[in-house]
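Trainee: I would like to learn how to read aromatic contacts in a model. Can we work through one case together?
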Amino acid sequence: MTQLSVAITQYAYADIVSIWRATNAPDGIGGVTQGWLQVAEIRGTLSSNTDSQGVVGGVIEIGSTWTLTCAPGLPVQADDRVYYTSGTPQSLADYYEVVGGDAGHTNALTQTVSLRYRTNG
């Protein structure tokens, strides 16, 4: 099972993405600051599910949902950010926000993570 999972990871997952997680750190004057910490760089496949747009409050709102398929057991949690390896949370790069996943299945060969497309700036 392990060899099959490794083979799928090497041959089926075309994209290399980094997983970033929000962290809090003391600011030295009694408060906290929020930053982003890269927790992993993984191979996976990003695919678009739906694209939509509509007028909300007089403004055009664009929506896009995506799926990341990757090896099971990887450290992906809700509210993490997924970037192509060239992106960092401090830049104005597009990113994907993790909204859920199917981790925890016994004998799973893949993990499916639901994403929402976002952009900084």
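This is a predicted model: local features need pLDDT of at least 70, side-chain atom pairs count only at pLDDT 80 or more; totals for chains, interfaces and linings use all residues.

Trainee: What describes a pair of aromatic rings?

Mentor: Two values do: the distance of the centres and the angle of the planes. The structure here holds four aromatic pairs. Tyr96 and Tyr117 form one that is edge-to-face, with 5.8 Å centre to centre and 65° between the planes.

Trainee: Which strands hold Tyr96 and Tyr117?

Mentor: Tyr96 belongs to strand S5 (residues 94-101) and Tyr117 to strand S6 (residues 111-119). They are 21 residues apart, and the pair links distant parts of the chain.

Trainee: Is Tyr96 buried or exposed?

Mentor: Buried, because its relative accessibility is 6% and the cut-off is under 20%. Tyr117 has a relative accessible area of 31%, so it counts as partly exposed.

Trainee: Which residues form an aromatic cluster?

Mentor: Trp20, Tyr83 and Tyr95 form one.

Trainee: Which residue in S4 stands opposite Trp20?

Mentor: Arg81 does. Strand S1 (residues 15-26) pairs with strand S4 (residues 81-84) in the antiparallel sense, over four bridges.

Trainee: How many bridges join S4 and S5?

Mentor: Two, and that pairing is antiparallel. Val82 has Tyr96 in S5 as its bridge partner. That brings us back to Tyr96, the ring paired edge-to-face with Tyr117.

Key: Residues are numbered from 1 along each chain as its sequence is written. Side-chain values use heavy atoms; hydrogens and water are left out. Rings of Phe, Tyr and Trp (its six-membered ring) pair if their centres lie within 6.5 Å; planes under 30 degrees apart count as stacked, over 60 as edge-to-face and the rest as tilted. Buried means under 20% relative accessible area, exposed over 50%, partly exposed in between (1.4 Å probe, protein chains only). Two strands pair if DSSP finds at least two bridges between them.
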